[in-house]
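Look at the model below before reading on. Start with one loop, then follow the helices around it.

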Amino acid sequence: MTAAACDTLAPPLPTDSPADSVVRDLVARARNGDKQAWDALIERYATLIWAICRRHRLGHADADDVGQSVWLRLVDQLDRVRDPAALPGWIATTTRRECVRVLSAAQGPRAAVYPLDIESLPDQRSGTAEQELLASERHAALREAFGQLPSQGQQLIALLIADPPVPYADISAQLGIPVGSIGPTRSRYLDKMRRHPAIAALLNA
């Protein structure tokens with residue numbers, strides 16, 4: 001599933017949205033040493049970090065360094081999280097500041113030092129951070145729902161959203177399904193994705 005397929009942003013999620021409940025659960029489990037929960041947090045917000053790094057025009061190596069720095073900071077402060085729902089804003093703010101540090105170091109002057117703890121509120125760019133968060137939530141939900149499709153479903157959706165578009169005749173030949181079945185089959189797989197809990201939570205919100 002490409003980023004372009006989920007760039008349209010929906011209205012902000014309410015504070016008590018299902019997505020917030022998921023984050024609270026993941027943070028609680030990560031505090032207790034649950035590696036799967038920690039990995040899920042990284043998977044959930046890796047796209048947000050990458051989007052901010054891209055906005056700052058960082059290369060892959062610098063973006064990786066920023067990501068590692070953000071996660072290391074979070075490891076140090078995870079026990080201090082009082083409101084897990086504020087975590088995405090903290091990640092966005094910390095990522096931007098790490099990007100500035102990397103850019104400043106590359107230009108020569110010493111980077112400014114930003115004291116930041118887990119309860120710090122997002123800065124004046126909170127609107128941008130909110131949009132980046134919403135996009136990240138959608139990417140994570142789409143990846144999760146897409147990953148639950150059978151192999152043929154994943155191949156079909158990937159071919160249908162390819163750029164440039166793949167002709168139906170080529171899709172039929174690659175997947176061994178009649179051209180007339182492609183549309184109905186696509187609809188069934190998309191309906192299945194919409195019913196996935198991660199997608200349903202965003203749609204209901």
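Leu58 sits in the loop between H2 and H3. This is a predicted model. Is Leu58 buried or exposed? Leu58 has a relative accessible area of 10%. The limit for a buried residue is under 20%, so Leu58 is buried.

What does Leu58 touch, once its neighbours within four places in sequence are left aside? The contacts are Cys53, Ala63, Val66, Cys99, Val102 and Leu103. Take Cys99 as one of them. In sequence, Leu58 and Cys99 lie 41 residues apart. In space, their C-alpha atoms are 7.7 Å apart.

Arg57 belongs to the loop between H2 and H3 as well. Its relative accessible area is 77%. The limit for an exposed residue is over 50%, so Arg57 is exposed. Arg57 also has a positive phi, near 60 degrees, and is not a glycine.

Helix H2 covers residues 35–55, and helix H3 covers residues 60–77. They pack at an angle of about 135 degrees, with axes 10 Å apart. That angle makes H2 oblique to H3. The crossing of H2 past H3 is right-handed. H2 brings Trp38, Leu41, Ile42, Tyr45, Ala46, Ile49, Trp50 and Cys53 to the contact. H3 brings His60, Ala63, Val66, Gly67, Val70, Trp71, Leu74 and Val75. By class, 14 of the contact residues of H2 with H3 are nonpolar, 2 are polar and none is charged.

Asp163 and Pro164 are joined by a cis peptide bond, with omega about 5 degrees.

Next is helix H7, residues 168–175. Which residues of H7 are buried? They are Ile171, Ser172 and Leu175. These residues lie on the same side of H7, because they cover an arc of only 100 degrees around the axis. An α-helix has 3.6 residues a turn, so residues three or four places apart point the same way. The face of H7 turned away from the buried side carries the exposed residues Ala173 and Gln174. The buried residues of H7 pack against helix H6 (151–160) and helix H8 (179–195). Just after H7, Gly176 takes a positive phi of about 70 degrees.

How do H7 and H8 meet? Their axes come within 9 Å and cross at roughly 85 degrees. H7 and H8 are therefore roughly perpendicular to each other. From H7, the contact uses Tyr168, Ala169, Ile171 and Ser172. From H8, it uses Val179, Ile182 and Arg186. The contact of H7 with H8 has 5 nonpolar, 1 polar and 1 charged residues.

| Helix pair | Angle | Axes |
|---|---|---|
| H2 and H3 | about 135 degrees | 10 Å apart |
| H7 and H8 | roughly 85 degrees | within 9 Å |

Last, step back to the whole chain. The protein chain has 9 helices and 0 strands. Along the sequence, the pattern is α-α-α-α-α-α-α-α-α. Of the 205 residues in the protein chain, 39% are buried. Among contacts with a separation of 6 or more, 70% come from residues 24 or more positions apart.

Conventions: Residues numbered from 1 in each chain as written. Predicted model: local features only at pLDDT ≥ 70, side-chain atom pairs only at ≥ 80, totals over all residues. Heavy atoms only, no water. Axes fitted to C-alpha atoms, helices over the stretch in contact; angles between N-to-C directions. Helix = DSSP H or I, 4+ residues; strand = E, 2+ residues; numbered from the N terminus. Parallel < 35°, antiparallel > 145°, perpendicular 65-115°, else oblique. Left-handed = near helix turned anticlockwise from the far one by under 90°. Contact = heavy atoms within 4.5 Å. Nonpolar A, V, L, I, M, F, W, Y, C, P; charged D, E, K, R; others polar. Buried < 20%, exposed > 50% of the residue type's maximum accessible area, 1.4 Å probe, protein only. Arc of directions from axis to C-beta.
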